[in-house]
Amino acid sequence: MNKRTSRRSTMDKKEIGYRLFAMVYGVCRIFPRKKNRVFLVMTHDAGPEGNVGVIRNYLNASETDWEFCPLRRKDTNFSGHDKVTQLVRFFIRKPYELATSSYVFQDNVFLPMAFMKFPKSVKVVQLWHGTGTIKKFGQDANEGRLKELEKMANSTITHLIVNGEKWKSVYSHIFSIKEEKTFVTGMPRTDILFQEEEQEKKVERFYEKYPELIGKKLVLYAPTFRDNELGEQKLHLELEQMLKRLPKEVVIGLRLHPFVADQFQYGGEGGDRVKDFSHYDQLNTLLFASKALITDYSSIIFEYVALGKPMYFYAYDLEKFSDEGRGFYEDYISYVPGQVSKTTDELIAQMIEEQTCEEVKEQWEEKRRKFQEENYAFEDGNSTWRLMKLLKME
């Protein structure tokens, strides 16, 4: 069986599950909807700092008594010791909760929705999990049956939320919906990027949990997930080399994709200077605590840029990713707000140069400022409030 046939077979099996979920949802529509019940699709980020998590916290603090029904990645995993309970919860309880909800917030595409119809009064809000994107995704990247199902699921969206005007047409195309359903309110998760006191509180709690990092310089390495990486445990950044050449107070923090992190364990030299934060559920807090970011094609840069800190782009497979992967919306090297390297040696040299040469430092600070202006319609920390006002949930 070739890879394409294998993927098709896997998709066929998954589609049976999608249809079953949707069928139970259809039956459960006979039950009355609850006006204050909110269904939360949190399959990308179930933490409190993701877009959906911020919405939940905001509504929790309001005077209205909201009821939340979260759907997390772990709810779609049936490999535990009590599979019967897991299956009942996913295929009966969750469809019932969704059918009786008046609001749906998503940080990902939930494919069972491809076979659902929502009442006109139900608001289905797609927040996604990134503030912007470098690489193509969704309808611009997927193929075959997955692309068809995704388009069908996206047809249920009533509100697609974006961070700036430039993203309105891009995201409308990515999700294959009309621009009139796309709204520029700013992303909820970006609010705290403009609230310094809240950032300081989170950093204080971070150091309470990791006191060994007090006085250290945390450099966060957050590479994007590559579609061909499933089952691969290799880390392409040469950590030992970095630790030898960078100052002793530098600690490398790893933020790997869950599929990679579940199989990766660092066992090299200088282990006390390498911390794995892949499963740490407060990404924004990591950004606040770090002194610099190393990434490649991840959308994390759209949040990090608002903090005014150095960013470095370790794109060791740039040509391959561009030609064989999803591709980019812009010319990568000229677009990203930081120096691009293809080897660890080059990356280290760039980091040292920016820290020691004032002219280079100012050059990249200016590039980051312009990048932020291009991608943020609002910098006031009130994006969640604007979204709630739009949905009339205030």
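Glu67 has a relative accessibility of 32% and so counts as partly exposed, a class lying between buried (under 20% relative accessible area) and exposed (over 50%), computed with a 1.4 Å probe on protein chains only. Its side chain meets that of Lys34 in a salt bridge, 3.9 Å from N to O; the term asks for a side-chain nitrogen of Lys or Arg within 4 Å of a carboxyl oxygen of Asp or Glu. Lys34 belongs to strand E1 and Glu67 to strand E2, so the pair ties together parts 33 residues apart in sequence. Helices (H or I, at least four residues) and strands (E, at least two) are DSSP runs, numbered from the N terminus.

Keep in mind that this is a predicted model, where local features need pLDDT of at least 70, side-chain atom pairs count only at pLDDT 80 or more, and totals for chains, interfaces and linings use all residues. Residues are numbered from 1 along each chain as its sequence is written, and side-chain values use heavy atoms, without hydrogens and water.

Let's move on to another salt bridge, between Lys275 and Glu212, with the closest N and O atoms 2.7 Å apart. Lys275 lies in strand E9 and Glu212 in the loop between helix H6 and strand E7, so this pair ties together parts 63 residues apart in sequence.

Strand E9 also leads us to an open sheet of six strands, ordered E9-E8-E7-E10-E11-E12 with parallel pairing, where two strands pair if DSSP finds at least two bridges between them. Its edge strands are E9 and E12, each pairing on one side only. Further in, E10 and E11 pair over three bridges, and Leu293 stands opposite Met311 in E11.
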